[in-house]
Amino acid sequence: MDAPSDLVRRLRDRFVEAGYTIDGVRERLGDMAASALAREEIVPALRATRDADPLATLIRLWWLGAPVSTAAADLPLQGLIEAGLLVRLGDTVQATVHLQPWDTGTGDPAYVVSDRKVRPGDPSLRADHVVGAGGASANLAQLGWTAPVGRALDLGTGCGVQALHLAPRAEHVVATDVNRRALRLARLSWGLSGMTGVEAREGSMYDPVDGERFDLVVSNPPFVIAPEARYTYREAGRRGDEFCRDLVRRTPRHLAQGGRARFLANWLHVKGEDWQDRVGGWLAETGCDGWAVQRDVQDPAEYVELWLRDSAEHGTSAYRERYDEWLGWFESMDVTGVGFGWIALHDSGSLSPLVRVEEMTQPVEPPSGALVDKVLRAARAAHELSDEDLLDARLKVAEGVVEERVGPPGADDPSRIALRQTRGARRTAAVGTVEAALAGVCDGDLPTRPLLAAIAELTDEDPDAVLRDAPAVLRPLVADGFLTVASLR
């Protein structure tokens, strides 16, 4: 599947000319067919592309994997067949790969090449299957968003999608993968997207970049926790979640001063152990500031079913046997669940690195990568301020914070008061009357201490008690970004 560069350019030109772009496909399919495709249902899309116009033909051929007539294809067929991208079936041709438009946020057309999606009834996946771009790819691209950087590393590039996002804002991109076939398809993705300058290297983990450092490392690694490594794109063959732990531990030696890393990961929930202590321990070993966020957690059965469906094994003769084996393996390790989320590291140079581990299931403001430094700065400020400094600081309500009060209609006092972020992490925090009153008046002009004294007087509270208790309740509001420190004494 090594296509000549002139053939790649001709194919890209054909795509752009026909409108085979993200916007073009969405408009051509319509909402119903596009939504069905997101559920892996292709019938509505096939119906929407029956007219065999140029764009419909490209969608059927490259995205839906359907045969199209050689006359309608209007492509350099012989070259594509020789490159292994098409096969001839009588008077029709069919794609051997899945080739889809992709949105990198730059406005320029981009394309991702992968193996065709396997659906129930199709032949089983090959061991070196190259998975396409999807929701996880988009999530990591959002998480990997930072300011422009010098050197960037896409560790485990797969179909090359993260490199597409890195290239516009990195001076140099290195993309690695243990799967040689993945690198071949990734090069095709980059060529069709008009992207040059990415250096592809073959090898496992950090082996291809031994001794090198990067300003930004991103990875959607083979994090699936399974009893054996059957598919290179998702399983590393390590016991439990050791692969993700090892990835985190080895990363700091490849970060430049001030460098950052952003990963997707799985981790185990084990009987008698707090998952936050488990993942927090990984981060503490790095010497970097770290933030781990659990976005979802599944029980062992849900997890096994997810990945057996992923490889289209549901309904096969081996399904029950593999399901039972996988559950037995989890049981042998006292696994009660599997968490999914992201891990962010920052080589801040601090002598006392900050580690934050939490669960966040709510949608966050994109790009999520913009949150990381803000969250770590806020947590550090809350950690380093003494009680006296906090009382003497000038605090300010963060942009987008609103107050919500809940109670029976007509009641004098609410039963619950909460501060909610409409921006950023979009957290919600229950607060008391004093904290709510402070949030209503702190604008960065006056220190916290006199404001609390005035609030205590207005609410008939004991001023000494209010000042004594305030640091314990205000510190989490600073750490979580509801209040910011405008200035210190």
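Analyst: Let us begin with contacts along the chain. In this predicted model, residues 24 or more positions apart account for 70% of the contacts with a separation of 6 or more.

User: What share of the residues counts as buried?

Analyst: Burial is judged by relative accessible area, with under 20% as the cut-off. Of the 489 residues of the protein, 50% count as buried. The protein exposes about 22,600 Å², and carbon and sulfur atoms supply 48% of that area.

User: How many helices and strands are there, and what does the C-alpha trace span along its principal axes?

Analyst: The protein has 18 helices and 18 strands. Its C-alpha trace spans about 90 × 45 × 45 Å along the principal axes.

User: How far apart are the mean positions of the positive and negative charges?

Analyst: The protein carries 55 positive and 74 negative charges. Their mean positions are 5 Å apart.

User: How is a pair of aromatic rings described?

Analyst: One gives the distance of the centres and the angle of the planes. Here, a search of the whole structure finds 13 aromatic pairs. Ring pairs link Phe223, Tyr303, Trp307, Trp329, Phe330 and Phe340 into a cluster.

User: Which residues does UniProt list for the domain DUF7059?

Analyst: The unreviewed UniProt entry lists residues 17–95 under that name. In the model, this span is 57% helix and 13% strand, and the C-alpha atoms at the ends of residues 17–95 lie 20 Å apart.

Terms used:
Residues are numbered from 1 along each chain as its sequence is written. This is a predicted model: local features need pLDDT of at least 70, side-chain atom pairs count only at pLDDT 80 or more; totals for chains, interfaces and linings use all residues. Side-chain values use heavy atoms; hydrogens and water are left out. Helices (H or I, at least four residues) and strands (E, at least two) are DSSP runs, numbered from the N terminus. Buried means under 20% relative accessible area, exposed over 50%, partly exposed in between (1.4 Å probe, protein chains only). Contact means heavy atoms within 4.5 Å. Accessible areas come from the Shrake-Rupley method with a 1.4 Å probe; for residues, only the protein chains shown count as cover. Lys and Arg count as positive and Asp and Glu as negative; His and the chain ends are not counted. The place of a charge is taken as NZ of Lys, CZ of Arg, CG of Asp or CD of Glu. Rings of Phe, Tyr and Trp (its six-membered ring) pair if their centres lie within 6.5 Å; planes under 30 degrees apart count as stacked, over 60 as edge-to-face and the rest as tilted. UniProt positions are given in the numbering used here, feature names are shortened, and annotations may be inferred rather than shown by experiment.
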